[in-house]
Amino acid sequence: MTPTLMVETSALVAIVLEEPGWEPLAELVVSAKAFTTCINVFEASLALVRELTASPKAAHEIVLGMASRLNIAITDYPAGAVAFAASARQEFGRGRHGLNMGDCLSYGAARLSGARLLYVGEDFARTDVND
């Protein structure tokens, strides 16, 4: 059975920018039934605006192109995930040592779907998202 994988914004950005370690991330995405949400696509686009000094529209096209090449499905954000996102904010905090709004929304979508969350960095290391 092919594992389901939710691709978080940090992983999307790392792959697009070919940051160190991007190739294993891309390989993992291709080998899984991968999806991300429209929220993650928007957040990744904003990150590319900053990193590439691209226009928001151009950055959005770059993210969509990468999602297409890696066969990442883009889903609407499910209303049922908001309860999980709120719990994440309460349980894992915010700011420097916790989850920001985008992180909470990613957590919520992954928990609702039962998918493993693919991310880069330590934001989710202290959570139970992949338990």
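Two rings of Phe, Tyr or Trp (its six-membered ring) count as an aromatic pair if their centres lie within 6.5 Å; planes under 30 degrees apart are called stacked, over 60 edge-to-face, and the rest tilted. By this rule the count comes to two aromatic pairs. In one of them, the rings of Tyr119 and Phe124 have centres 5.0 Å apart and planes at 55°, so this pair is tilted.

Before going on, please keep in mind that this is a predicted model, where local features need pLDDT of at least 70 and side-chain atom pairs count only at pLDDT 80 or more, while totals for chains, interfaces and linings use all residues. Residues are numbered from 1 along each chain as its sequence is written, and side-chain values use heavy atoms, with hydrogens and water left out.

**Overall fold and size**

- The protein has six helices and four strands; helices (H or I, at least four residues) and strands (E, at least two) are DSSP runs, numbered from the N terminus.
- Read along the sequence, these elements follow the pattern β-α-α-β-α-α-β-α-α-β.
- For 131 residues, a compact globule would have a radius of gyration near 14 Å, and the protein agrees with its 14 Å; the radius is taken over C-alpha atoms, and the globule rule is 2.2 Å times the number of residues to the power 0.38.
- Along the principal axes, the C-alpha atoms fill a box of roughly 35 × 35 × 30 Å.
- Buried residues make up 41% of the 131 residues, where buried means under 20% relative accessible area, exposed over 50%, and partly exposed in between (1.4 Å probe, protein chains only).
- Among contacts (heavy atoms within 4.5 Å) between residues at least 6 apart in sequence, 66% join residues at least 24 apart.

**How the strands pair**

- Two strands are paired if DSSP finds at least two bridges between them.
- Strand β1 (residues 4–7) runs parallel to β2, with three bridges joining them, and Leu5 stands opposite Ala34 in β2.
- Three bridges also join β1 to β4, again in parallel, and here Leu5 stands opposite Arg116 in β4.
- On to β2 and strand β3 (residues 73–75): these run parallel and are joined by three bridges, with Thr37 opposite Thr75 in β3.
- Strand β2 (residues 33–37) is mostly covered, as four of its five residues are buried.

**Around Glu8 and Tyr119**

- Glu8 is found in the loop between β1 and α1 (9–16), and Glu8 is buried, with a relative accessible area of 3%.
- Leaving out residues up to four places away in sequence, Glu8 touches Asn40, Glu43, Asp103, Ser106, Leu117, Leu118, Tyr119 and Phe124.
- Glu8 and Leu118 are 110 residues apart in sequence, yet 5.8 Å apart in space, C-alpha to C-alpha.
- Tyr119 lies in the segment after β4 (116–118) and is partly exposed, with a relative accessible area of 22%.
- With residues up to four places away again not counted, Tyr119 touches Glu8, Ser10, Ala11, Phe124, Ala125 and Asn130.
- The C-alpha atoms of Tyr119 and Ser10 are separated by 5.6 Å, although these residues are 109 apart along the chain.
- Phe124, the ring partner of Tyr119, is buried, with a relative accessible area of 2%.

**Cysteines**

- A disulfide is a covalent bond between the sulfur atoms of two cysteines.
- With a disulfide taken as a pair of cysteine sulfur atoms within 2.5 Å, the structure holds zero disulfides.
- The sulfur of Cys38 is 17 Å from the closest cysteine sulfur, in Cys104, which is too far for a bond.
- Cys104 is likewise in no disulfide, its nearest cysteine sulfur being that of Cys38.
- Cys38 counts as partly exposed at 34% relative accessibility, whereas Cys104 counts as buried at 4%.
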